[in-house]
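Dear colleague,

I am passing on the structure we spoke about, and my notes follow directly below it. Please read them with the structure open.

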Amino acid sequence: MKSQAEQPNDFNNYTEYMSTAKLPESVVRAFTQQRIIPKLLEQGRRSFWGVQQEKNDAKAVGLYMQAAKCGSTEAMCFLGWYFQQENNTELALNYLKEAVKENDKEACTLLANYYLNVTKQKSKAVYWYTRAAKQGHIPAQHALASCLEYGIGVPKKDEKNALYWFWRAAVAGSHEAQARYRHLKEKMDSREEAEHGKGGAAAYERFCRKIDGLTENQARAYCQNLAAMGSTHAQFWLAEYYFKGGSLSGPNQKEAMTWYKEAAAGGDDRAQAKLGDYYRFGMGGVTPDMNQAKSWYERAASKGNERASYILNTYFKE
């Protein structure tokens with residue numbers, strides 16, 4: 001076996017070296033992964049983008065092909081994308097199908113894009129977007145959410161699951177997903193209120209439980225994330241959850257008040273009326289303050305809260 005000093009420094013001599021060295025398969029595989037593939041990819045990138053050399057697409061593609069033969073999914077993904085741009089869809093599909101054998105999330109997303117945009121096989125696109133989205137790939141999560149929202153590649157629109165995937169992408173840092181999440185959430189909330197009125201925490205809990213079959217604890221964690229992003233519905237649900245105790249050891253009125261305040265600041269009249277109760281009765285360690293109570297009841301009543309109006313007319317008459 002050749003010594004380390006005799007091993008080739010130039011990957012162009014790789015094939016000749018491997019054929020004469022008679023190395024064990026495990027050593028060949030390790031050498032390929034650690035030494036050969038990184039060099040091929042680096043040279044491919046430099047050639048394709050013209051870094052410290054003249055841009056040469058043909059040379060870059062040749063280098064990526066060598067890396068693909070060595071088993072590089074990154075190279076396969078590049079070639080799938082490149083040949084798709086060149087309208088060589090058959091070759092693009094072959095490389096992408098080879099790449100997804102390793103369940104690479106980037107490859108899954110590229111294959112989904114191929115099925116969606118090239119062959120118009122939308123249900124296949126959704127399948128591969130889902131594979132990538134479950135691995136945390138933000139573009140796939142966003143694309144999957146869009147498909148679910150508009151009923152692309154699925155039997156029917158599924159706004160609740162679309163909201164879930166927009167949320168996943170949003171909390172991972174996608175500003176576009178954050179905007180899409182807020183827009184869809186507002187649309188769903190408006191429709192729910194128009195159809196059923198403000199159903200309170202129970203209705204929101206039912207909504208949460210329908211997303212991916214969440215347990216009660218998962219629904220609470222889900223709502224905490226939504227609440228932190230400014231959803232007054234989620235903030236009120238959390239407040240009610242802590243106020244009533246949920247599956248915890250017992251009610252936590254201080255924690256409940258924290259979320260009532262958040263929801264009230266966002267304009268939720270139910271939360272405003274609840275804060276009126278806190279100050280009226282001195283709940284959760286709050287010092288009773290009838291002026292504060294009246295102020296919160298008045299805010300809630302101005303938005304049409306019937307319970308707040310009744311309390312004002314019954315207990316706060318001049």
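For the packing of helices, axes are lines fitted to C-alpha atoms over the stretch in contact, and angles run from 0 to 180 degrees between N-to-C directions; helices themselves are DSSP runs of H or I with at least four residues, strands are runs of E with at least two, and both are numbered from the N terminus. On that basis helix H14 (residues 253-265) packs against helix H15 (residues 269-281) at an angle of about 135°, the axes being 8 Å apart. H14 is therefore oblique to H15, a term for angles that are not under 35 degrees (roughly parallel), over 145 (roughly antiparallel) or 65 to 115 (roughly perpendicular). On the H14 side the contact (heavy atoms within 4.5 Å) includes Met257, Tyr260 and Lys261, and on the H15 side it includes Lys274, Leu275 and Tyr278.

This is a predicted model, in which local features need pLDDT of at least 70 and side-chain atom pairs count only at pLDDT 80 or more, while totals for chains, interfaces and linings use all residues. Residues are numbered from 1 along each chain as its sequence is written, and side-chain values use heavy atoms, with hydrogens and water left out.

A second pair is formed by helix H7 (residues 122-133) and helix H8 (residues 138-150), which pack at an angle of about 140° with their axes 8 Å apart, so that H7 is oblique to H8. In this contact Val126, Tyr129, Thr130, Ala132 and Ala133 of H7 meet Ala140, Gln141, Ala143, Leu144 and Cys147 of H8.

As for the whole chain, there are 17 helices and 0 strands, and 44% of the 318 residues count as buried (under 20% relative accessible area, with a 1.4 Å probe and protein chains only).

Best regards

Conventions
Buried < 20%, exposed > 50% of the residue type's maximum accessible area, 1.4 Å probe, protein only.
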